[in-house]
Amino acid sequence: MADSTTMRLDEHPVAEILRARRDDGSPLGARRDPHTVALVIEGGGMRGVVSAGMVAALGRLDLAGAFDLVVGSSAGALNGAGLLGGVAADGPGVYAGPLASREFINPARLLIGRPAVDLSYLLDYAAANFGHDAGPGAIDRLAPLICVAVDVERAEPVAFSNFTTQQQLWNAMMATMRMPLFGGRPVEIDGRRYIDGALAAPVPLATALEAGATHVLVLQTRPYGEPRTTNSRLAERLIERHLRGINPVLERMWRERAGVYEVLMDDIARRSTEPGPQAPHVLGLRPPAGTPVIGQLERRPPVLDAAATAAGALVEAALGLSPVDDPSLRAAG
């Protein structure tokens, strides 16, 4: 499949409606067009720094208010909340700072029966540093946030939305980011157990389309040509045993995840490079081939910073827009 970043993506119907909405400025609930525009965000543990850089660029481009719904799984849900909560600019720095610490990621904790990834540390940091901006009240002013997790017993994706309290939002975040094995035991919500949404919906495009989206911007974190890779043989066996212990169907999903992912990537690439005349329209933005792949447990700040910066530049170039605080824009106005 061709690398769509070489195409005129700024002429894609999704890019066109985003530019029109920025110029129009109509808010959620009072749009001057009939479309339903969704943002879908891929996660991937610390590889979420890529979509964090992309989301920060959307904030700089004054596009946070252009979406009617935001859908994310795993770290993608976290980054979507940051955009809607008005703190997207801080996202890349959080990945390269607090999240790169041993307080958040420490595989050695597995040896004493504790999660290698401490999601409580992340949410405590968000509550302490972003306050009300991290809660559902701030988010709902722009667009609904949908977090996708996997129901352990049913072995299928579940969408969490319509948050009325911060605890509900926090629970959904814990569920969608609960990595198999490394994140600890499944998260229980209302008597049911959930794990990382990326297991069944790494890029939750289907959720956005089922919600009625006519235009979808998809932020992807793996470069073109990079398959959904596996871990070391030992890590794979440990994760498979962990999933088999909670539901054998999840183990099968884990083993089949790479093939399912490639089918989805091909579909997004086709829709991006060959948009048809009828909705739904889907535009995927993905780092170009040859870009270094960020690991799920990456902790090197320079690597994380570079990935976020490159991803942000990609979004600005693809959509054909300049940041609203660009001096040239002020001069033109």
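**Helix 3**

I looked up helix 3 and found 10 of its 10 residues buried, so helix 3 is largely enclosed by the rest of the structure. Buried means under 20% relative accessible area with a 1.4 Å probe, protein chains only. Helices (H or I, at least four residues) and strands (E, at least two) are DSSP runs, numbered from the N terminus. Among the buried residues of helix 3 are Ala75, Asn79 and Leu84. Gly86 follows helix 3 and has a positive phi, near 80°.

**Source notes**

The model is predicted: local features need pLDDT of at least 70, side-chain atom pairs count only at pLDDT 80 or more, and totals for chains, interfaces and linings use all residues. Residues are numbered from 1 along each chain as its sequence is written, and side-chain values use heavy atoms, with hydrogens and water left out.

**Strand 3**

I checked strand 3 (residues 145–151) and found 7 of its 7 residues buried. Two strands pair if DSSP finds at least two bridges between them. Strand 3 pairs with strand 2 (residues 69–73) in the parallel sense over 4 bridges, and Gly72 stands opposite Cys147. Strand 4 (residues 156–160) runs antiparallel to strand 3, joined by 5 bridges; there Val150 has Pro157 as its bridge partner. The hairpin of strand 3 and strand 4 has 4 residues between the strands, and Ala155 takes a positive phi near 55° in this hairpin. Strand 6 (residues 192–195) is also antiparallel to strand 3, with 2 bridges, and Tyr194 is the bridge partner of Asp151.

Terms used: Buried < 20%, exposed > 50% of the residue type's maximum accessible area, 1.4 Å probe, protein only.
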